[in-house]
Amino acid sequence: MANEVDRPYGFIRKSVKEDGSTSHQVALTQEKSGIGIVSGAAILADGYSNIIFVEKVSAQEVWICAIADSEVLVGGDIVINISNVAIEFEKILDNYKESPPFVYSQSLVESTGVEGLPSPDETLSFDELLLKAEITKIGKEFNSYRIGNTESKSKNTLMAIVILAVIGGGAYSQFGSSLFEKEKEFTPQVDFSKLIHTKVKTTEEILSDAKKEELKWLTEEFNNSNSSQIIRRILAFDIVQEKYINGWKANEISFNSKNPNGINVLWERSQVGTPLSLKLGIKNDKTTVADLTGRYARSEFEAIDKINNELPDDFDLVKFIETATYQHEHMMHDLISMGYMWGMDRIDLGERQEKIKGLDKKLRKQENTRQLKFKTTSVVIQGDNRDKLSALINIFDSAKTFTLNKISISLVKNSFKWKAEGVLYEK
């Protein structure tokens, strides 16, 4: 990142929040002359969680240092002309939920020409502020606040901080390391025009986010699986779809919830058919030859009606599943009573679709482990006529926590053998 923005010098600040989470801030600059300079804002943020400190640094310049939630605000560590104080101060205050304490130096309070600032809660010099926070010396503990060459930093360390980074404009004014000497002088301002900031999440937060992600996936599964609508759609498609086209015969019609708004047809070629004749016959760009012999091909058709099963944003799907009264025993009862061929098996949904990112090395074994857990049963139902498939709608209307994932109809030798496959979710 430092190379990309052509700012090879900088420093990393790390802090631990009140909730136990860790925050990193990284400042970058082009100025080699900044090496060794210590960030006054970074040190102040180590002692105060919420504060705005203002110091007059020259006849026409003021340093504003704004700390919020133990972090240096982006654009909140800046040396500006006195005439711009009111405007900048208003921008900074927009970042606070509640007004922070205002602390001004004596030189600012006694000066004239500085307008637009609220009355101070305290009048303290910068070193008095640090002494009040029991920050009494600048030693090895502040090495991480000194500007250095980023190339000397571990690549792994920098990358860990850059992940999920938010980049914004900002500037830092710097104090020399002789901060507590009798003679105090400000070093020339170093322009930090890039600030990289990210909050390192706790394990609990990472796992909680993973659970929310799995809930999002499950919601998509339910949205893409309106079982009754799917059956009606595939039956209607079977009626209107031509089964013989230019030397090709439809062998199978199928639906897969991974493509919720499409219907697939498997074609078998006779002696007079060719791949080109099929493509010209159905005028469908989504037709592919399924094998190198040219005997089979697949066509994907866009469904006329879209799956309409969008759950409301505030719908509690977890509670819905956990309180459902229709269980696998009820489905067994209905399938037996209506004379269906069926099979059920308790299944483990297996690993997550994506690994959980950000876990500590000790917890890497959990990166594929699902955080959202339900009792899940795979269900397979078979039949050999249209009426049986149509009547299946009555069962699916009762099984509200069942998702129909696949359905296929075999048309080989003028048959109508069908198979429906899905998952029943229970507490």
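Helices (H or I, at least four residues) and strands (E, at least two) are DSSP runs, numbered from the N terminus. The model is predicted: local features need pLDDT of at least 70, side-chain atom pairs count only at pLDDT 80 or more, and totals for chains, interfaces and linings use all residues. Residues are numbered from 1 along each chain as its sequence is written, and side-chain values use heavy atoms, with hydrogens and water left out.

**Exercise 1.** Determine which residues of helix H8 (residues 275-282) are buried, and on which side of H8 they lie.

*Solution.* Step 1: "buried" means under 20% relative accessible area and "exposed" over 50%, with partly exposed in between (1.4 Å probe, protein chains only). Step 2: in H8, Ser 277, Leu 278 and Ile 282 are buried. Step 3: these residues cover an arc of only 110° around the axis (taken from the directions from the helix axis to the C-beta atoms), so they lie on the same side of H8. Step 4: the face turned away from that side carries the exposed Leu 276 and Leu 280. Step 5: directly after H8, Lys 283 adopts a positive phi of about 50°.

**Exercise 2.** Describe how helix H7 (residues 227-240) and helix H11 (residues 386-398) are arranged.

*Solution.* Step 1: their axes (lines fitted to C-alpha atoms over the stretch in contact, with angles from 0 to 180 degrees between N-to-C directions) come within 8 Å and cross at roughly 165°. Step 2: H7 is therefore roughly antiparallel to H11, a term for angles over 145 degrees. Step 3: residues in contact (heavy atoms within 4.5 Å) include Ile 231 and Leu 235 of H7 and Leu 389 and Leu 392 of H11.

Terms used:
Parallel < 35°, antiparallel > 145°, perpendicular 65-115°, else oblique.
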